[in-house]
Each structure stands twice: as structure tokens, then as C-alpha cells.
Protein chains: 2
Amino acid sequence: MKLAIVQTNPIFGNILKNVEDALGLMNSVEANLFVLPELFNTGYNFQSQEEVKELSEDDSSFTMQTMIEFAKKKSCYVVFGYAEKVICDQYKKQRTTNQEQSTINHEPSYYNSSALIGPEGIIGKYRKVHLYYREKLFFTPGNLGFPMFDLPLGKIGMMICFDWFYPESARSLALHGAHLIAHPANLVLPYCPDAMITRCLENKVFAATTNRVGVENRNDINLTYIGTSQVVSNRGKILARCSDDKPEIVVVEIDLMQAENKRLNEFNDLLADRRPEQYTL
Amino acid sequence: MKLAIVQTNPIFGNILKNVEDALGLMNSVEANLFVLPELFNTGYNFQSQEEVKELSEDDSSFTMQTMIEFAKKKSCYVVFGYAEKVICDQYKKQRTTNQEQSTINHEPSYYNSSALIGPEGIIGKYRKVHLYYREKLFFTPGNLGFPMFDLPLGKIGMMICFDWFYPESARSLALHGAHLIAHPANLVLPYCPDAMITRCLENKVFAATTNRVGVENRNDINLTYIGTSQVVSNRGKILARCSDDKPEIVVVEIDLMQAENKRLNEFNDLLADRRPEQYTL
């Protein structure tokens, strides 16, 4: 299958332009699966909950519908990161003056999410489990675990940016059978690209880390993104790596079925040799 | 504290010479903790269970007693890898012709172990949980989990060689509070040294990976060890790295209390931000 990593430079708050820029790159190649950055349509550097409310989307919104249309037209799959608005998805306890009582909370929840889209529409979502830094001010921690989606082209799981830091993320996906980790990111620190080699080795999975480039300076919070989007094989080999400063799209041909094989040698099977009874996790 | 990694070139089966060579290096420096390779006294490339029986040691044997003597004389700590013989440590079920019955098995068990020695003698042991390749023919899988030992110089845990491949090993040690992972190894593949950077970052712990050098060619099974012993900091920095082909000892001064701090920034605490209810492990 042909896997495309779509490295973009979003302008904060300009959803229309950000989606158009991504589509411009996506229309320039042929691929079976396109992986876009985290929060690719909104930008990352939120300064207030009001901005999140304004820029978040539900399933009927512009970005989702545009990507569904693209996937239908091209008969392909797309993974993209966005700010997800979910209305009434949970009950919260509110403390009153004299007693504690359960009330239904009608405030929407906002997640740092990714969606997996196919020719048939929305296939699944992932909500970022490990929120980084000021994301904790604006987003609710993900509540869907690390789901795997069994597509005709292979078994796909998602994690978002800082999730790489927790080996439990990629391990959960591998234990669910994922062949490929689609990994939208907005990286500012230098560690992730090399660490993903370890993630792929230790799980014998492929990974597509798609990062953004550019700078977001808002209210003196200055973030510079490192680009370096990459595809790593199930043997820990870097199959493609993007520049650190330019929007670009790279297509890699990979055989996801290779990730079905968890044998390391004639004596060792990666997952069968785990020994959970000896771990403290 | 001063941490010494002791990279040696063991000759298979020559325990006396291998221990003497290690002591020669160890006596050439001052350090609070010395970390030696996996199976440093016997060599690694076993060809039969008979060899394991012959070269394995219990607590009263030469290597253990020599290291205890060294630790007493120098008022220091030592971690070393060896083939551990354990008599009568478990009951095994034996199937008979007509019925299944429990019988006491008086055969010793043999572990690929490491010992932590101090001025007061044996402090603790670790038995390799993840056996690699032909080790499965000769050793029993470790049954002690990943214990942590709280010493005056800091909290020390051990893992052995291939355990690095499983993120659960270092994570278990970090969750037990370890500041430093003492990591005796006999590496033949190139991946571990760089992957240990990820292990230290993702757990905010120090690690001392001590590998051996040299070649062992026995019965056409030819192993070349990669040396490259190293100390990595709790921030993923390589503090020292040895050559890939020479015996040597390197001493690094580190402050293990730094590994007590698990904060990543004002919003994130490494261990507190784990979300086990979202994992499948």
C-alpha cells in the first residue's frame, strides 16, 4: 500500500486555508492512506477556551465533511488531527453549597482528536490520552483507549504527538493487532523522531509520524515545530524523513502484512515472550 | 556518586581469568558502584546444559565471594551478571503414565542472573525475565520480577541485556522508584545503545549498560559483541560511551537524586500522567 505523510504549516485559526493547503498536497500524489498532523486544521497554540469552542468541530463540520468527500473521490483513507467537540458525552458531578449531587452536564467536551476516514465516511476516532503542557487547560483527556481499525489495507491504530513518550500507547496498539501506527503530531522537542525507531522495533509495527512545520507566536508563547515527519518500518528502519522547515508530502510503498510477523528469531516471539506476571504496570 | 562501567572481554569457561581481568580494571579506579557485563565470569556462548551446570555458581562460590570481598575492602557496590545455580527452588509437576501427581524436583534451576553486592554482602538478585535466543535452551526464565534496592547511594534496579527490548522492564523499575538501572549486557545487535536513550527519557532514570567486547566462536555459533557500554542520564543524555572493541573502565559522576524528579514541565508529571485505565497491557 502507498502511505503518504502530509507535512503542513497551518496558520492559527484559518481552517479554510489550512484544509485547502493540505488538499493541495494530497491532490498532488496517489496514495491509499494519507496521514496529516495533529490539529492540522486549526493550528496548535490555543490561548483560551473560547478559541477552542470556536475552532472545534463535530462530525457535520467543514473539515470532517471535506475529508470524507476527498476519501470518497479518491477511494482512499485519511487520518487527521482536529479539535473535536462532543456534546453531552458525559455526566459530571457538581458540588453545591449543602450537598453533593449528580447533574447532567450539557457543556460540550473538547478533545484533541484524530479521525480515520474512508470512502464510506467516518471509520473511527482516537482522543489523545496523554495531554501535553497547556493542552491540559483546553482539552479533556481521551477516553477511547487505543482502538485498532481493521481496514482492507491493514490494521491501523492512532496515537497523537506526546503519546509517543509513553511506551504504553504503542504497546496497547500492537497488542490490539495494529500493523501501522498513524501518528499525527505537532512536535517542538527533538526526541520523538529517533524514539519512534525504538517504538517500531519493540512492537514490530510500522509508524507514520506526521508533524507540522513553522512557528506560532501567540501572546508571547512561541512554538517552533520541528517537521521531520517520517515513516519507520517494522524493523526500525527510517523509510522516509521530511525536512524540518518545509511543507511537503512524501509517499512510501509499504507491505503492512510484514507487521503480522512478530517472530524475532527461531526462539523468540515478541508478544508471546512478554511476561506480564513479572511486570508492575 | 561515582559510577563505573566495566567493559571486559571474557574467555569462555575461564572464570578465574575473567574475574581477575575485571578486578584489574576495578582496582584501577575509585567508584561507589561498579556495573559489569552479563555472564561476565563464564562467557555467554553456552553449547550444552552440561556447561551451564559446570560453570554456574551459588552464593558460596568463587565469583560471588570474590566480589563480596572486593566490595567490603573498597566499601562500594558491585552489580555483575553470572549463571546462578538454585537448588530445590521450585516444585514441578511430572506426568506419570496413569495419573498426574506433584513431586518435589531436586534438579537445580539455572538462571541468567545478576547480583547486587555491597560492603555487607549480597543485597539482592535479579533473574533475567526475557531470555534471548538459545538462552531458552539453558536457563529458566526469571521469577523475581524487577526488584528495586534502596541503597544509601540511591535506588538501584537491574535488568539484563535483552530486557531492554521490552519497555515493561524499565517501566516496572521506574514504577518501583529506581533512580538507576544497572544493565549488564552481552549485546550482539546494534539497536540497544540508542534505544536506551528512549528508555531513560520515558522513565526519567539513569541507566548504566555494561556490555562485553570480543568474539565467541563455539561449534560454528559465532557471536561478536558490540561493546559501546554507556551511561545515559535521566534526561536522555549519553554521559559516557566506551569503544566497540576494547576492555575498558569509565567512571562517571552522577547525582541520582535528580531521578527523583518526574516533572516534565509545570503541567506534566511523568508517572502521575500515566493512564492505566486507557491501556491494554
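## Surroundings of B:Glu216

In this predicted model, the side chain of B:Glu216 makes a polar contact with the side chain of B:Arg212 at 3.2 Å. A second polar contact joins the side chain of B:Glu216 to that of B:Tyr225, at 2.5 Å. B:Glu216 lies in strand β12 of chain B, which covers residues 215-218.

B:Glu216 has a relative accessibility of 4% and therefore counts as buried, the cut-off being under 20%.

## Relation of the two chains

Chain B is superposed on chain A by a rotation of 180 degrees, with 0.0 Å of shift along the axis and an RMSD of 0.0 Å. The two copies are thus related as by a two-fold rotation axis. B:Pro167 has the C-alpha nearest this axis in chain B, at 3.3 Å from it.

Of the interface residues of chain B, 100% are also interface residues in chain A, so the two copies meet through the same surface.

## The interface

In the contact between the chains, 44 residues of chain B meet 44 residues of chain A. Together the two chains bury about 4,000 Å², and 59% of this area is on carbon and sulfur atoms. Across the interface there are 28 residue pairs in polar contact, counting pairs with both residues at pLDDT 80 or more. On the side of chain B that touches chain A, at least two residues each come from α4 (135-138), α5 (167-175) and α6 (192-203). By class, this side of chain B has 21 nonpolar, eleven polar and twelve charged residues.

Eight salt bridges cross between chain B and chain A. One of them joins B:Arg274 to A:Glu168, with the closest N and O atoms 2.9 Å apart. A salt bridge also links A:Arg199 and B:Glu202, where the closest N and O atoms are 2.5 Å apart. This pair runs from helix α6 (residues 192-203) of chain A to helix α6 of chain B. A:Arg199 is buried, with a relative accessible area of 1%. B:Glu202 counts as buried at 0% relative accessibility.

## Salt bridges within chain A

Over all chains, the whole structure holds 36 salt bridges. In chain A, the side chains of A:Glu84 and A:Arg127 form a salt bridge at 2.9 Å, N to O. The pair links distant parts of the chain: A:Glu84 is in strand β3 (residues 77-86), A:Arg127 is in strand β7 (residues 121-127), and 43 residues separate them. A:Glu84 has a relative accessible area of 3% and is buried. A:Arg127, at 10% relative accessibility, also counts as buried. Both residues belong to a network of salt bridges that links A:Asp59, A:Glu84, A:Lys125 and A:Arg127.

Another salt bridge in chain A is formed by the side chains of A:Glu135 and A:Lys128, at 3.0 Å from N to O. A:Glu135 and A:Lys128 are both buried.

Key: Residues are numbered from 1 along each chain as its sequence is written. Chains are lettered from A and ligands numbered from 1 in the order in which they are written. This is a predicted model: local features need pLDDT of at least 70, side-chain atom pairs count only at pLDDT 80 or more; totals for chains, interfaces and linings use all residues. Side-chain values use heavy atoms; hydrogens and water are left out. Copies are superposed by least squares on the C-alpha atoms of residues with pLDDT of at least 70 in both. Contact means heavy atoms within 4.5 Å. Helices (H or I, at least four residues) and strands (E, at least two) are DSSP runs, numbered from the N terminus. Buried means under 20% relative accessible area, exposed over 50%, partly exposed in between (1.4 Å probe, protein chains only). A polar contact is a pair of N or O atoms within 3.5 Å; within protein, one must be able to donate a hydrogen and the other to accept it, and residues adjacent in sequence count only if both atoms are side-chain atoms. Buried area is the accessible area (1.4 Å probe) that two parts lose on being put together, summed over both. A salt bridge is a side-chain nitrogen of Lys or Arg within 4 Å of a carboxyl oxygen of Asp or Glu. Ala, Val, Leu, Ile, Met, Phe, Trp, Tyr, Cys and Pro count as nonpolar, Asp, Glu, Lys and Arg as charged, and the others, Gly among them, as polar.
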